[in-house]
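User: Hi, I'm new to this. Can you walk me through a structure?
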Amino acid sequence: SLYLDPGQPHFERMKKLLGYLLNEDWNTIPQTTDGCRLPNYAFAPTQLARLYLQLATGLDSSHLPAPPPELKDVVANFPRLAEFMNKYPQYVGGDDRFDTQLMRNKYTDGAFIFAKEGADGLLTIGVSGCPLYPQGLGIVIKSSSGDDQRYFTLIALELLDKLKLLKSSKRRENKLKHLNFQFHFELAEFARK
């Protein structure tokens, strides 16, 4: 099938786009497959955070070189992709999922949130520029215990609270403040070259 063959032109183009967005050599991005046998790529947490920051901000290309000719149309339309995801978050995650609720601003206000749950306890969040974080944020949460939605949601909401992005009404609703969360933050500002 065309969608399972990593040698197909659309996968090569996607890999080049990912390399461009990360400002890295796309040949160094390790390739793997996901649970559906689709070609997939392995990223470090900082790379994922940078990609989601780009999604949430509609692509700030000021620190990137000019795109190669075969990517100019995709790069030019990248802000429209962010607008579409903002308008129709149910197509990203599904109607009742936590990532969709984040994108619908159920828990936050003042910034566009782009979020996607991944396999085995992974949640990646991009936050558009807002008064607290003018250049936006890229956030990766990885739970070593896997994808237990009850705990995963609590961890994400507690983190958003620590970052002062959680709505005050949602802070009052959090009835589990007796749990002692321990956070290890790895903060990095991505160099603008």
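Analyst: We'll take the pocket, then some strands. This is a predicted model, where local features need pLDDT of at least 70, side-chain atom pairs count only at pLDDT 80 or more, and totals for chains, interfaces and linings use all residues. Residues are numbered from 1 along each chain as its sequence is written, and side-chain values use heavy atoms, with hydrogens and water left out.

User: How much space lies in the largest pocket?
Analyst: About 1300 Å³. A pocket is an open set of points on a 1 Å grid over the protein atoms alone where a 1.4 Å probe fits, with protein on both sides within 12 Å along at least five of seven lines. The volume is the space filled by probe spheres set on the points.

User: Which residues lie nearest its centre?
Analyst: Asn40, Tyr41, Phe43, Leu48 and Tyr52. They belong to a lining of 38 residues, meaning those with an atom within 4 Å of a point.

User: OK, strands now. Why is β4 largely enclosed?
Analyst: Five of its six residues are buried, so the rest of the structure largely encloses β4. Buried means under 20% relative accessible area (1.4 Å probe, protein chains only). Strands are DSSP runs (E, at least two residues), numbered from the N terminus.

User: How many residues sit between β3 and β4?
Analyst: Three, in a hairpin. Asp120 in the turn has a positive phi of about 55°.

Conventions. Buried < 20%, exposed > 50% of the residue type's maximum accessible area, 1.4 Å probe, protein only. Helix = DSSP H or I, 4+ residues; strand = E, 2+ residues; numbered from the N terminus. Pairing = 2+ DSSP bridges.
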